Structures are given as structure tokens and as C-alpha cells.
Amino acid sequence: MDEKLRYNDPELEEEEVEVDWSGIFARTLKRWKTVLLVTFIFGCIGLAAALTMRHRYEVAVTLAPELQRRSTSINNITSMLGLGDITLGSNSDAMSITLFPEICRSTPFLTSLFDVELHPYFDPEDRLEGLQEPAPVTVFDHLMGNDLPKRKVSAKRQEAIDKYFAVYNDSIVNVSALTPNQFAVVKALQNRISADVDKMTGVTTVKVVMDDRRMVSELADTVTKRLQEYVTEYRTRKAISDYNYYVTLKEEARKDLVRAQQAYAGSVDYDRSVILQSINSEKQRLQQEVNLANQLYSQLSQQAEMAKAKIQEIKPMYAVIQPSTMPRYPLNSRKKTVIIWGFAGFLLGCLWAAFGLDAFRKARKGVKAKLKEK
């Protein structure tokens, strides 16, 4: 009975879990040199990381794609052509906007950005001092670090590097068989380019991260345009093929019409004074061929105009809500890096002074005691 009361007594439970905060604070304050040393070490690590890191700039471009088809205008065109309420195909989109993120990560899309030339940021004050603006560099060369100052390498090591990469030709892009450098650049672009789509509103946000404020703005603008062109080409590929097919049929029908008209005109001119029934029957047959050829040519001309209107009808339109602008401040800051490392060192130093040092000394004494027993 006494044991049950002792276990259910809240006062005893509070005493068991009570923490001696004043003792912990005093122990930590007593070992202030340890805290200061750990903070200094982490601060030096943060300073080294800040001096060696490269700034990262981000640009976000917001697009609002047009989701609804312009069916009213197309129906007006078909009515003007005398085709009534003939439909031009399904209103379902050939490519959903939810595929935009996958397109931005696809290898064909990213490899198409290799040859895009970017201009490094050039401070206007440097121009006043007479400095020359850096030459443009391609995306591939920049991500490979070819635009950076070359480090001095021994002749033997450089020969080994050249021998290793001699079998790879980075100037030729084969999507199915990328070279090691091309594969590395594709992976880097996948980490730097992203697209987020709001499925409710269809608003697409394209984000690009680079280490140069001018380059990131230019690359974001290029990615946005290439994405629009990529989707437009995909969406209109079938319609353009149909239009070219109808244009070919229309040209063939026009040639048949011209031949039929020439044959009928020659028959009329040659047999103007002949009154034989067989000759008149031949004239009627030739005239019917002209009428049929003319009717076929008119129908194919209308269908070609419909196909041409369909290309414009299914072509996606985009409203740029937030255009690409050059960022003013980087995502990462050297001061923040030093502060974060220093604060982390301070916390670890306090924990080590309050708990870790005593636990370490206790464990060391236990190990020594076991060694003596042996």
C-alpha cells in the first residue's frame, strides 16, 4: 500500500523530474573558455565557407496560360465559309500544363540550352574606370567552369586529363548517349531550373538559380521563351501536318481543274460547227468533269482554311504576370553564413560545457577503471 501511494504521489514525481537549471547555468558559465573556444572554431569554419562560397541569385517568372479555346471565333469562320456548325476537333488539350515541371527537367529541353549565350554581370562603375566587359559565355561552358581562371596543372597531369577526355566530343549532343560532361551539366540544370504549376488557376512559376545576377535573368527569360515554344510546337504539330496535307490536296485539285478546263475549252473550239450527238455528249462529259473538279477544289480550299484557323485556335497564349528582372540581392549571404556557423558553435559549446564534458570525463574514468581491472 505504501509503495502505491509513493508511486502515485505527484510531489514525488515532480521531485524526480525536476531539473537543476541554476546548476547547469553555473557549470556552463564556469567553463566559459570552452564555450568561447568552440564558438571561435566554428566561426573560423564559417568564415572560410563564406570566403569560398559563390553567391546564388534566383529569378522567378510567372506565366498565366490561356486554358479556354476560342471556339466562338472559329465557329464564325466556319459559318463564313458556309460549313455550318462543323467542329474542328476535340477541345481537350493535347498537353496539360501540369507537365511543365517535367518538361523543364527533361533531357531534350535542357540540352537545348547548352548553346545559349549569357553575359556576365558588369558593374557600370567598372565601365567608367575603363575596364572591358567580359565576353559572353555559353551555359555549358559556364557550368563546366571554362570561363574561370585556369589553375596551374603539371604537364603530366594535364596530359592524362586530355587523354581521358579525348574520346568524348562535347560539341555533339546525343540525347541517348551523353558524355560525362554533358551529363553533369544536365544534372546541374535540373537542380537550377524548376517550374511550379497551380492546378486550380493554371498559373506557372518558372524559377532559375545561377551564380551571376545578369546570367540568371537572361537564362530565366530564355527558359520561359523556350518552354512556350516547346509547348506551342507540340500542340500545333498535328494541326500543321493536317494543314500541309490539305494544301497538297488543294494544289492537286487545282491542277486537275486546270487540265479539265483546258480539255473542255479545246473541245468547244475544235467542234464549234459540228452538230453530231456524240460530239455534244463528249462536251457534256468534259463540262461535268470541270464542274466536279471545281467543286472538289472549292471544298479542299475550305478545309485548308479550316485547318489554318485551327492552328491559330489551338496555339497556347501566355500572359506574363511577373517578367524576368535582374535580382539585387543574392539568396545566400556571407555575413549570414558566418553568423549561423558562429551561433551553431555557441550552442554546441554550451551543450558540451553543460553536459558533454562531464559525460566524457565519466566515460574516460570508466574505461580506465576497466583497464586497471584487467
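Helices (H or I, at least four residues) and strands (E, at least two) are DSSP runs, numbered from the N terminus. Keep that in mind as you click along, with residues numbered from 1 along each chain as its sequence is written. This is a predicted model, so local features need pLDDT of at least 70 and side-chain atom pairs count only at pLDDT 80 or more, while totals for chains, interfaces and linings use all residues; side-chain values use heavy atoms, without hydrogens and water.

**Stop 1: Thr204**

Select Thr204, which you will find in strand 5. Is Thr204 buried or exposed? Thr204 has a relative accessible area of 1%, so it is buried (buried means under 20% relative accessible area, exposed over 50%, partly exposed in between, with a 1.4 Å probe and protein chains only). Now show its contacts, meaning heavy atoms within 4.5 Å. Leaving aside neighbours within four places in sequence, Thr204 meets Val61, Thr62, Leu63, Pro65, Phe100, Asp196 and Val197.

**Stop 2: the largest nonpolar core**

A nonpolar core is a set of buried Ala, Val, Leu, Ile, Met, Phe, Trp, Tyr and Cys residues joined through side-chain atoms within 4.5 Å. The largest one here has 32 residues, and Ile193 and Leu227 have the most contacts inside it. Among the elements supplying at least two residues each are strand 1 (57-65), helix 6 (100-105) and strand 5 (204-210). Colour helix 12 too: it gives the most to this core, with seven residues.

Next, pick Leu227. Not counting residues up to four places away in sequence, Leu227 touches Phe100, Ile103, Cys104, Phe109 and Val206. Of these, Cys104 is buried at a relative accessible area of 0%.

Then move to Val223, in helix 12. Val223 is buried as well, at 0% relative accessibility. With residues up to four places away set aside, Val223 touches Phe109, Leu113, Ile193 and Val206.

**Stop 3: a helix crossing**

Show helix 3 (residues 21-30) and helix 14 (residues 334-373), whose axes come within 8 Å and cross at roughly 100° (axes are lines fitted to C-alpha atoms, for helices over the stretch in contact, and angles run from 0 to 180 degrees between N-to-C directions). The two helices are therefore roughly perpendicular, a label for angles of 65 to 115 degrees. Ile24, Arg27 and Thr28 of helix 3 make the contact with Cys350, Ala353, Ala354, Phe355 and Asp358 of helix 14. Cys350 is buried, at 19% relative accessibility.

Definitions and conventions: Parallel < 35°, antiparallel > 145°, perpendicular 65-115°, else oblique.
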